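Please walk through the charged and aromatic contacts of this protein. The model is a predicted one.

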Amino acid sequence: MSIRRSTVFTNELRRHEYEYRGVLLEINSNLTKIQKKELHFYYTHYAEAGETLELFRSLEDDKKISWEDVRFLKDGLRAVQRKDLVDIVTEFENKRNLTSLVHMYARKRRGFEESSCYYNSIEQAAAYLERTTTHGVSPDGRFYRSLLESRKSIEKVISEFDEAIKHAVLDPWRQLTLLVVVAGEIVAEAFRMSEERRLTSEVISEMCRSAADELYCRMQKLGTWEDFCEHIEDGYNSVFPQQNLMPSTGEITDVVHQLKTTFFI
């Protein structure tokens, strides 16, 4: 079981890297000669004589960009006024995050060990969703297994649930959250079926990716990945209230008074 689980994880990471390299090639093809010169100027400390792809390789070697972190890449594209290319990188980033969120949620539902290769925001969001979803009730795995056995695509299932959820839930962020949970539960059952050798790791990886494509279209209309994570955390805190660690106004006033006395202000 650990071998198949590792294979699914490896396939997902490999796919992310291939898609990231595709994005770099698209950027290279769409930059004008002047913009390439400007980009080399922006990355002066990393731009030795060479082509733009060699510049990207230099940034990777210096651990400034990677499929895991494209923030510095987006900074450079903004500097050369290519918002359209920033949007392409952001789309890759968000689909990568959603793919990993569905995968990580499913892993948690199956009780698999954590992987340090995921970002903290994805791990945290998956943990919040898993605990909130299973609080007081455990989703019926047999129902999600029946969806898999019906051979409906995960995109089709998400669309069908989307219609039902819209009639029952008004908040669009909550609608998206429920769709992520549905996708995660289906993938969790797919993991179970893979243990029975009824599904391959490649099929599961493709399911996560297809679900992310479907979910991304909805998230794009609502806001950013950071907005989504904040919504998930708010939902978690409403179910499991956290102790307020922020100091009160009175406590701040007391500290100011102490400082005033100490430093003779």
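Lys 83 pairs with Asp 87 in a salt bridge, and their closest N and O atoms are 3.2 Å apart. Both residues belong to helix H5, which covers residues 83-109. They sit four residues apart, about one turn of the helix.

How exposed is each partner? Lys 83 is exposed, because its relative accessible area is 60%, over the 50% cut-off. Asp 87 has a relative accessibility of 38%, so it counts as partly exposed.

Arg 78 and Asp 75 form a salt bridge with an N to O distance of 3.3 Å. Both lie in helix H4. Their spacing is three residues, about one turn of the helix. Arg 78 is partly exposed at 43% relative accessibility. Asp 75 is also partly exposed, at 34%.

Another salt bridge joins the side chains of Asp 69 and Arg 71, at 2.8 Å from N to O. Asp 69 is partly exposed, with a relative accessible area of 25%. Arg 71 reaches 55%, so it counts as exposed.

## Salt bridges overall

Side chains of opposite charge can pair when their charged atoms come close. With a limit of 4 Å between a side-chain nitrogen of Lys or Arg and a carboxyl oxygen of Asp or Glu, the count comes to 19 salt bridges.

Some charges are linked in a network. Arg 15, Glu 19, Glu 206 and Arg 209 are connected in this way by salt bridges.

## Aromatic pairs

A pair of aromatic rings is described by the distance of the centres and the angle of the planes. With ring centres required to lie within 6.5 Å, there are eleven aromatic pairs. One of them is Tyr 42 with Tyr 43, an edge-to-face pair. The centres are 5.0 Å apart, with 80 degrees between the planes. Tyr 42 is partly exposed at 37% relative accessibility. Tyr 43 is at 1%, so it counts as buried.

Tyr 46 and Phe 72 make another pair, with ring centres 6.1 Å apart. Their planes stand at 80 degrees, so this pair is edge-to-face. Which parts of the chain does the pair of Tyr 46 and Phe 72 tie together? Tyr 46 lies in the loop between helix H2 (33-42) and helix H3 (52-61). Phe 72 lies in helix H4 (residues 71-79), so the pair ties together parts that are 26 residues apart in sequence. Tyr 46 is buried, with a relative accessible area of 17%. Phe 72 is partly exposed at 23%. Tyr 42, Tyr 43, Tyr 46 and Phe 72 form one aromatic cluster.

## A negative surface patch

Which residues form the negative surface patch? They are Glu 226, Asp 227, Glu 230, Glu 233 and Asp 234. Glu 233 lies in helix H11, which spans residues 225-239. Its relative accessibility is 34%, so Glu 233 counts as partly exposed.

Ala 190 is located in helix H9 (residues 172-195). Is Ala 190 buried or exposed? Ala 190 has a relative accessible area of 0%, so it is buried. Buried here means under 20%.

Ser 201 is eleven residues from Ala 190 along the chain. The C-alpha atoms of these two residues are 9.2 Å apart.

Definitions and conventions. Residues are numbered from 1 along each chain as its sequence is written. This is a predicted model: local features need pLDDT of at least 70, side-chain atom pairs count only at pLDDT 80 or more; totals for chains, interfaces and linings use all residues. Side-chain values use heavy atoms; hydrogens and water are left out. Patches are made of residues with over 30% relative accessible area and no salt bridge: like charges are joined within 9 Å, nonpolar side chains (Val, Leu, Ile, Met, Phe, Trp, Tyr) within 5 Å. Accessible areas come from the Shrake-Rupley method with a 1.4 Å probe; for residues, only the protein chains shown count as cover. Lys and Arg count as positive and Asp and Glu as negative; His and the chain ends are not counted. The place of a charge is taken as NZ of Lys, CZ of Arg, CG of Asp or CD of Glu. Helices (H or I, at least four residues) and strands (E, at least two) are DSSP runs, numbered from the N terminus. Buried means under 20% relative accessible area, exposed over 50%, partly exposed in between (1.4 Å probe, protein chains only). Rings of Phe, Tyr and Trp (its six-membered ring) pair if their centres lie within 6.5 Å; planes under 30 degrees apart count as stacked, over 60 as edge-to-face and the rest as tilted.
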